[in-house]
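User: Hey, I've got a structure open and I'm a bit lost. Can you walk me through a few bits of it?
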Amino acid sequence: MMFSPWKDGRPTVVVGLMSGTSLDGIDAAIVRIEGSGLAASVELLHYYSKAYEPELRQRLRDLCVEANSNSALICNMNAFLGYQFGAVVLEAVADAGMHVDEVDLVSSHGQTIWHQPVPEQGDPYAVASTLQIGDISAIAKHTGKLVVGDFRPADMAVGGQGAPFAPYGDWILFRHPERGRLLQNIGGIGNCTALPAGADPSDVLAFDTGPGNMVIDAVAYILSGGRLLYDDGGNWAAQGKPDRVLLDEMLGHSYFGTPPPKSTGRELFGHSYAVSFLEQAKLRKLSDEDAMATATAFTAHSIADSYENYVFPRHGIDEVIVTGGGARNKTLLSMLGELLPGQKVMTSRTLGFDDDAKEAVIFALLGNDFMLGVPNNLPAATGAFRPTVMGKLALP
C-alpha cells in the first residue's frame, strides 16, 4: 500500500534518524528523494546532530548489560527516547531554516540495546532477535508526521541477521560503473560493503567487521576515569605502541573466523570486553598510551583482516571509503592505510558526502522505499532467503 504524497510521484522530503551502537547521540539527515531503490535520486538538504547527555548515555549503556537492565527500565526508555527523537526532528528542521510542514516523512533506526542474530544454543525460546527502542508512535505524535521505524525484525523474519543495513544505501549512493569500492563505516561497530564495479544487488558483499569505535571509546572512558568519551582524533593512541602479543590474542576471537553473512554488537565487544582487555593490558604492564594504541590497532587489523579473508578473494577493489565517527580518528586511518598498501583509503568527504550523515541518509532511503512498497533489504548482505519490505508505520 502507498500513502500520500507518494501516490503522485513527486520528490519527498524525509528526515532520517540514526542513533548507533556508540551511544553518542542522534543524527538527523533531511533529504529530498525522488524515485526509489536503485533509481532513487538523493539530495542532502541539512545534517544535524545532538549528543546524548552523560546521564542518558550511561543509562543506555546499562540497558545493554543484562545485569543492569530490567523490563521496566526498557519500557520507560522506549517512550522517553521516542520523545527525544521527535524533539530532534523539530530541532533539525528549525536549524535548516525550514518548517515542519515541508517534511513528508520521518524514518528512524531506533537505539539498539540488544542484537542476537543467531539463536542461543540450548534455549528454545532464545531465537534470533533484535531490539531497537525509541517508540515511533511517540515520534509521530510529537512531530505530527508519518514515521517509519523498527526495520530489522522484518529481515530476521525471513532468515536474515537484521544487519548490516548500510549496504542497501551504499549500493544506491556509491556504486560506480568502472571502479570497485569498499565502503567501511566505523561507528560503534564496523561494517563494510563491497561494491564491485557495476554491482547488481546479488554482487554486494557486506558484513560487520567487528568493533569500530566501541572498544576504543570504552578504553578511553575507563582509563580517563570517565573524563573522556573517546580518543579525540586518535591523539592518545598516537603516543603509544600496539602490543603485538595482546593484539594477536584479541584477533583470535571466534567472530573473526566466522564467514559472512554475520553481524555483531555490544553483546560481544561492549563494556565487559573492554574491562577484560584492560585486565590483560595490566598483566602485560602496558602504559595507558600503549593500551589505547593496542585497542585502536585491534579495530584497524580486524577491518584489514576481514578484507583479506572475505573480500579481496572475491572482488576487485580500487577504493576504500571510510565513514562514521572513526573517519575522524587520524591514527586509526593511518593504521588502516599501512595495512592496505594496495588500496586508496579515503573518507566519503573526499567524494563530497558528509562522513557523519551517511547512515541517517540511508534510513531516509529505507523509509521512502517502505512507503512505496519496495523491498529494502539486501539478502546478499544479511543472509535473508528473500527480499522483503522492512519497517513499521506510525500515523500522526
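User: How many residues does helix α13 have, and what does it reach from end to end?
Analyst: This is a predicted model, to start with. In it, α13 covers residues 358–371, which is 14 residues. From its first C-alpha to its last it reaches 20 Å, close to the 20 Å expected at 1.5 Å a residue.
User: And is α13 mostly covered or mostly open?
Analyst: Mostly covered: 14 of its 14 residues are buried.
User: OK, what comes just after α13?
Analyst: Gly373 is there, with a positive phi of about 70 degrees. Asn376 also sits in the loop between α13 and α14.
User: Why does Asn376 count as buried?
Analyst: Because its relative accessibility is 1%, and buried means under 20%.
User: What does Asn376 touch, then?
Analyst: Leaving out residues up to four places away in sequence, its contacts include Phe151, Tyr168, Asp369, Phe370 and Leu366. With Leu366, a polar atom of the Asn376 side chain lies 3.0 Å from the backbone oxygen.
User: Switching topic: in what order do the five strands of the open sheet go?
Analyst: The order is β9-β8-β7-β10-β11, with mixed pairing. The edge strands, β9 and β11, each pair on one side only. From one strand to the next, the twist averages 20 degrees.
User: How do β7 and β8 run, and how many bridges join them?
Analyst: They run antiparallel, joined by six bridges. Take Leu182: its bridge partner in β8 is Ala194.
User: What holds strands like that together?
Analyst: Strands of a sheet pair through backbone hydrogen bonds.

Conventions:
Residues are numbered from 1 along each chain as its sequence is written. This is a predicted model: local features need pLDDT of at least 70, side-chain atom pairs count only at pLDDT 80 or more; totals for chains, interfaces and linings use all residues. Side-chain values use heavy atoms; hydrogens and water are left out. Helices (H or I, at least four residues) and strands (E, at least two) are DSSP runs, numbered from the N terminus. The expected span of a helix is 1.5 Å times one less than its number of residues. Buried means under 20% relative accessible area, exposed over 50%, partly exposed in between (1.4 Å probe, protein chains only). A polar contact is a pair of N or O atoms within 3.5 Å; within protein, one must be able to donate a hydrogen and the other to accept it, and residues adjacent in sequence count only if both atoms are side-chain atoms. Contact means heavy atoms within 4.5 Å. Two strands pair if DSSP finds at least two bridges between them. Axes are lines fitted to C-alpha atoms, for helices over the stretch in contact, and angles run from 0 to 180 degrees between N-to-C directions.
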